[in-house]
Amino acid sequence: MLTLSINYVSNPSFSGDKRAMATSLTINGTAHQVDLPDDVPLLWVLRDEIGLTGTKFGCGVSACGACTVHIDGEAVRSCQIALSDVQGEVTTIEGVGSPDAMSAIQRAWVAHQVAQCGYCQSGQIMQAASLLAQNPAPTDAEIDEAMQGNLCRCGTYPRIRAAIHDAAARMKEA
Amino acid sequence: MASIGKIVRRTFLIGSAAIVGGVAFGAYYVTRPAANPLKPGEGEAALNPFVLIDQNGVTLFAPRAEMGQGVKTTWAALIAEELDVELDQITVLHGPAAAAYYNTAMIGEGLPNKGYDISNFQHNLAEALGVIGKVLSLQVTGGSTSMKDGFVRMREAGASARETLKQAAAERLGVDRSQLTTEAGHVIAPDGSKIPYPELAMDAAKLDPVEAHLRDPGEWRYLGKNLPRLDMVGKSTGTAEFGIDVRLPGMKFASVRMNPKLGGSMKSFDDSAAKSMPGVEKVVDLGDGVAVVASNTWLAIQAVEAIEVEWEDAPYPPETDAIFAKIAEAFDESPNSTMRDDGDVGVMPEGATEITAEYTVPYLAHATMEPMNATALFSGRKLEFWGGNQAPTFMQMKIAAAANLDSEQVEVHTTYLGGGFGRRGEFDFGVIATKVAMAMPNVPVQTTWSREEDMRHDFYRPGAMARMRGAVKDGKAVLIDGRVASQSCTHQAVERITGFAGGGPDKVLVEGLFNQPYAVPNYRISGHIADLQIPVGFWRSVGNSHNGFFHETFMDEMAHTAGRDPLEFRLELMKSEHAPSAGCLEAVREMSGWTGQTPDGVGRGVAFTYSFGTPVAQVIEVLDEDGTIRINKAWIACDMGLALDPETVKAQMFGGMIYGLSAACYGAITFADGEVEQFNFPDYDAIRMHTSPQVEVRVLETNRHMGGAGEPGTPPSMPALGNALFDLTGKRVRTLPFADHFDLLV
């Protein structure tokens, strides 16, 4: 069995009066000033401070992918990026599309009725969007490679795979 | 939207509580309507607890937990089918915790019959017993019962509301109701003019409800079809609200630590470091644990981890080996139940070959993707609760008790569930959130558990053992004598809900073992309860989750001893016993091109489990890829009689299978020093994209009675994989998980 070093235990503890100065972030094209300690992970800045709850907390140790966002277009685990380390523009699921204006990948997700409980799907979509940006026509093996960090306890994988292939086709037509 | 939580008298009972065979459980009580929990506001009419019409349109109530199984959509479709409304023009809400939303199907499942051999009399008896669900306010989502429960009642709710609206229109227009029709939320007059339902709602509310006949299935527009799920856009855009996403003005965020020695109390704690950490507002002494309220969940987690706590020991043996020794001891005691005892297993048929085997499966965590959490707001005389949960009326009762309030003073808001699998039928996360909120009156507080806290404080699928003895003769099974031992999750759950120790024969402990549709002349199955205090609970498919593995691995072993193809061996015993079950086996035989032969480097296994009224057969194929074994393909056939939404059923079938394969491959909760040794997904992994098989599902519809969908896909997955691994390697593994014995792809 693996021995796990828990992320938040290994972090240095806070000194009582340590307060960071306001940090500037650009999220989904909007500038935000955040007044939180430097080492608060981006995930918790998004969820509890900005109120963008589409990005989910699953494990806190980069093992499930539920918290995946983009920084300058690249998929990262927001539970592992400290506030002070955020360099670049952040895109969350809310920035990919809205219910009234869904992106091609979200439309593919709906068309294939991918979600079951749906909790992991924001992260799945963010990871898949990053894959498709780099590789407009991924093979099954390339999908396996790119998506294996994203856990889904409902087991929606067959439909995620189908939706990625479909999104690739939709984006090619667009 | 109506103000919710108070009671109006004016309501009506949907469907009759016909009592069959003279069974009567307080006829007055069961025929008296459960109070309508919807209190219509000005300009609104709640025609019954499931349909609300106001000036904004039609709202349907689907008071079952949406945890991925699609119940919100299919439940709404049952009402809409008769009410004549378009699914994209209505709102569907979960609604409050209320006795009116009882589950009629749940209690019937407790009858000591095998299920597949149920007679019409027993079926009707189970239906009649369903009314007990109402008496007990059993608003529960579980046991794969939602469609059985809602199938008739919700169509009747829709039909009666429709006819009442038509009656209101008839009186307004001065015509007979029979001259009117309905379409897309309107009553259509004889001259073709249309009256929208909202215009008729207030008049309809003054009428006695009108009874109506249900439509012939041939007229259905929604049921039996693949409907777009109502939650799909929200779940694809990050806008669906789970419990953890609830945001209220002035809200604070908390996290909790309970004793990792489960059930042990707390000696003392030192919070001096935690109190001065950034963002911390308050440390809360829960008596048996500690919580920190902060400005941010992560800051709360940091601080609660920084509290030094001394814990008392757990009330069970501290190491895994000693725990399983205790489970094995249960075999020496008289059985709790013997629910099948056909022929005489004491006499070995002459000329038969005997075979014995012992199997062991570990404790398992539910590991929902959304960690346990809930939000509560306490204002002295009232408590509001927000969160995903599978049993709102019980949750209401439990958190009312924790807050010293009456149930009426507690309002439960049920959100989407980021996975349930049985875990969110418990109340601990609600009670903890309530206690934390009570320390912060008039401030909404969301209490979120770290993944580690969630993994290490579950109500686990109990570890279980089976001792199987069988005999084959002339290529057939002639004797099966099986015994299973584990803790009783039923008895524990009864005690948690009622406060009284559960007792009596536990059907759940032996389900999947005693009720399989095989014609074996000498067939006895007993259940033994291990006396252990580890918290255990209902895990997707419950007893079937271990018994399916025991029974179907043993069937495979018997087939090989008999020198028979394992699929044909089963089919022969099944054909005369239950045709729909045999049909599932025949379907996977055809779908997979089963020949009984596999080339080098390929292994195939078959397994079958009848559970929750639904027979499911699966064939799984594994490949040896340079010494690493990959699950390549899977074929599933199921027969639940009527599949109300076939694509949703397919999703539940492959999802249930993958949940089972995750456990079969990697799942094990173990104990050291009284604490669970697993913390997070790196040491409790699951099937992922690259380890998930290609899958094909066939949905058959020959079964006479309606079966469930959410759970039956899970049990056969584990033995089908084990049987495939045996076919590939010649190695028979009788202890899970398989990753301990094979080099599986990870």
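Predicted model: local features only at pLDDT ≥ 70, side-chain atom pairs only at ≥ 80, totals over all residues.
Good morning. I shall begin with confidence, then turn to the contact between the chains, and finally to helices and sheets.

For the complex, the predictor gives an ipTM of 0.92 and a pTM of 0.92. Chain A has a mean pLDDT of 90, with 88% of its residues at 70 or more. In chain B the mean pLDDT is 90, and 89% of the residues reach 70 or more. Which stretches stay under 50? In chain A, residues 1-19 do, and in chain B, residues 1-33 do.

Let us now consider how the chains meet. In the model, 61 residues of chain A are in contact with 60 residues of chain B. Several helices of chain A each supply at least two residues of the side that touches chain B, among them helix 2 (42-50), helix 5 (121-134) and helix 7 (157-173). What is the make-up of that side of chain A by class? It has 35 nonpolar, 19 polar and seven charged residues.

The axes of helix 5 and helix 7 of chain A come within 11 Å and cross at roughly 45 degrees. These two helices of chain A are therefore oblique to each other, and their crossing is right-handed. From helix 5 of chain A, the residues A:Gln124, A:Ala128 and A:Leu132 take part; from helix 7 of chain A, they meet A:Ile160, A:Ile164, A:Ala167, A:Ala168 and A:Met171. This contact of helix 5 with helix 7 of chain A comprises seven nonpolar residues, one polar residue and no charged residues.

The crossing of helix 2 and helix 5 of chain B is right-handed. Helix 2 of chain B contributes residues including B:Trp75, B:Leu78 and B:Ile79, while those from helix 5 of chain B include B:Met147, B:Phe151 and B:Met154. By class, the contact between helix 2 and helix 5 of chain B has 12 nonpolar, four polar and four charged residues.

Helix 5 of chain B has a further partner, helix 6 (residues 197-205) of chain B. At what angle do they pack? The angle is about 85 degrees, with the axes 9 Å apart, which means that helix 5 of chain B is roughly perpendicular to helix 6 of chain B. Here B:Thr164, B:Leu165, B:Ala168, B:Ala169 and B:Arg172 of helix 5 meet B:Tyr197, B:Leu200, B:Asp203 and B:Ala204 of helix 6. The contact of helix 5 with helix 6 of chain B divides into six nonpolar, one polar and two charged residues.

We come next to the sheets of chain B. One is an open sheet of five strands, in the order 15-23-22-21-16, with mixed pairing. Why is one side of strand 15 and of strand 16 of chain B left without a neighbour in the sheet? Strand 15 (337-342) and strand 16 (353-361) stand at the edges and each has a single partner strand, so one side of each has no neighbour there. On average, neighbouring strands of this sheet are turned by 10 degrees against each other, direction ignored. Within it, strand 21 (residues 464-473) and strand 22 (residues 476-486) of chain B run antiparallel and are joined by 10 bridges. As an example, B:Gly470 has B:Ile480 in strand 22 of chain B as its bridge partner. Helix 16 (residues 543-561) of chain B packs on this sheet, where it touches strand 16, strand 21 and strand 22 of chain B. The direction of helix 16 makes about 150 degrees with that of strand 16 of chain B.

The other sheet to mention is an open one of four strands in chain B, ordered 24-25-26-29, and its pairing is mixed. Strand 24 (602-611) and strand 29 (694-700) of chain B are its edge strands, each pairing on one side only. From one strand to the next, the twist averages 15 degrees. Strand 26 (residues 628-639) and strand 29 of chain B run parallel, joined by seven bridges. One bridge partner pair is B:Ala637 with B:Arg698, the latter in strand 29 of chain B.

Thank you for your attention.

Definitions and conventions: Residues numbered from 1 in each chain as written. Chains lettered and ligands numbered in written order. Contact = placed C-beta atoms within 7 Å. Nonpolar A, V, L, I, M, F, W, Y, C, P; charged D, E, K, R; others polar. Pairing = 2+ DSSP bridges. Axes fitted to C-alpha atoms, helices over the stretch in contact; angles between N-to-C directions. Left-handed = near helix turned anticlockwise from the far one by under 90°. Parallel < 35°, antiparallel > 145°, perpendicular 65-115°, else oblique. pLDDT = per-residue confidence, 0-100.
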